[in-house]
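Biologist: Please pick one part of this model and walk me through it slowly. I'm new to this, and I'd like each term spelled out when it first turns up.

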Amino acid sequence: MKLDAILSPAELPALARRDLRPTVCVVFDILRATSTFVTALHHGAAAIIPVSEISEAVVLRQKHPDCLLAGERDGVKISAAQSGGVDFDLGNSPREFTPATVRGKTIVSTTTNGTRALRACTGAQAVLAGSFLNLAATATYLQRLTPAEILLVCAGTGEGVALEDVLAAGALAEQLSGKCSDAIQIARQMYAGAQANLTAALGSSQNGARLCAIPELREDVAYCARRDSVSLIAITDASGRLHAQA
Ligand code: MLT
């Protein structure tokens, strides 16, 4: 099994030229998109449809009026002014995706980096949304499947690297054995230095500091560091929708 990682979203466009058919991709957007999707599925959401643009989300709401619209720009829930008049139901805080709100619902979500990274993995043997919340479940799935190649995709922030995504890639790589790229070794070493206090490490990241500066979002950082609190995996189907798998 080959283990490789994309540490920066600047590498995402190159995926379109790569044959991903023998590859299982695990996408990390720890603060917060993939942590939020895992939470929503854990709380009974039927599916998540990740889309890149606000306009795509609005078109899907017209086709499926029962779906919930979710997402953020600059970390904050998308406003009617940004979407051309449609109110989004949810932002991108995992703590908003309660069982009462999401059970049985299909959620269309657009976020700055997370949904873009998930979409960039189209064509892979399988695409998973990874997080610290379901790290052990994701590792167990991969250990059983043993695909020819695993690619850990760090969604990052804007065009840059995000520390928390690299830490999660390192934590997952730690649980897997195979032929490792240098990117995997970097991620593993970063995680080894941070694992003793994951919440503090996430809080010290650029994204963590940004969220901590917004009083109503501050608690998201500690929430997203709750390792192994969810026992399902989040995996896309052929149409790109994320579903829970026990
Ligand atoms: C993203 O997709 O870029 C993030 O999850 C941003 C956020 O939640 O603030």
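Modeller: Let's start at M190, which sits in helix α8 (residues 182-194). A quick word on that label: helices (H or I, at least four residues) and strands (E, at least two) are DSSP runs, numbered from the N terminus. Before going on, keep in mind that this is a predicted model, where local features need pLDDT of at least 70 and side-chain atom pairs count only at pLDDT 80 or more, while totals for chains, interfaces and linings use all residues. Residues are numbered from 1 along each chain as its sequence is written, and side-chain values use heavy atoms, with hydrogens and water left out.

Back to M190. With a relative accessible area of 38%, M190 is partly exposed; buried means under 20%, exposed means over 50%, and partly exposed is in between (1.4 Å probe, protein chains only). Not counting residues up to four places away in sequence, M190 touches L163, V166 and L167, where contact means heavy atoms within 4.5 Å. From M190 to A169 there are 21 residues in sequence, yet C-alpha to C-alpha the two are 9.5 Å apart in space.

For α7 and α8, the angle is about 100° and the axes are 7 Å apart. The axes are lines fitted to C-alpha atoms, for helices over the stretch in contact, and angles run from 0 to 180 degrees between N-to-C directions. That angle makes α7 roughly perpendicular to α8; under 35 degrees counts as roughly parallel, over 145 as roughly antiparallel, 65 to 115 as roughly perpendicular and the rest as oblique.

Now for another partner of α7. Helix α6 (residues 135-145) packs with α7 at an angle of about 50°, and their axes are 9 Å apart. The two helices are therefore oblique to each other. The crossing of α6 past α7 is right-handed; a crossing is left-handed if the near helix is turned anticlockwise from the far one by less than a right angle, and right-handed if clockwise. Here α6 brings L135, T138, A139 and L142, and they meet A168, A171 and L172 of α7. Sorted by class, that contact holds 6 nonpolar, 1 polar and no charged residues.

Look at L172 for a moment. Leaving aside neighbours within four places in sequence, L172 is in contact with V26, F28, L135, T138, A139, L142 and L152. As background, nonpolar side chains tend to be buried together in soluble globular proteins.

Which residues of α6 are buried? They are L135, A137, T138, A139, Y141 and L142. The cover over them includes α7 and the strands β2 (23-28), β7 (126-130), β8 (149-154), β10 (233-236) and β11 (242-245).

One last stop, at the end of that helix. T146 lies in the loop between α6 and β8. Although T146 is not a glycine, its phi is positive, at about 35°. D74 is another residue other than glycine with a positive phi, near 55°. D74 sits in the loop between β4 (68-73) and β5 (76-77), and at 71% relative accessibility it counts as exposed.

Notes. Ala, Val, Leu, Ile, Met, Phe, Trp, Tyr, Cys and Pro count as nonpolar, Asp, Glu, Lys and Arg as charged, and the others, Gly among them, as polar.
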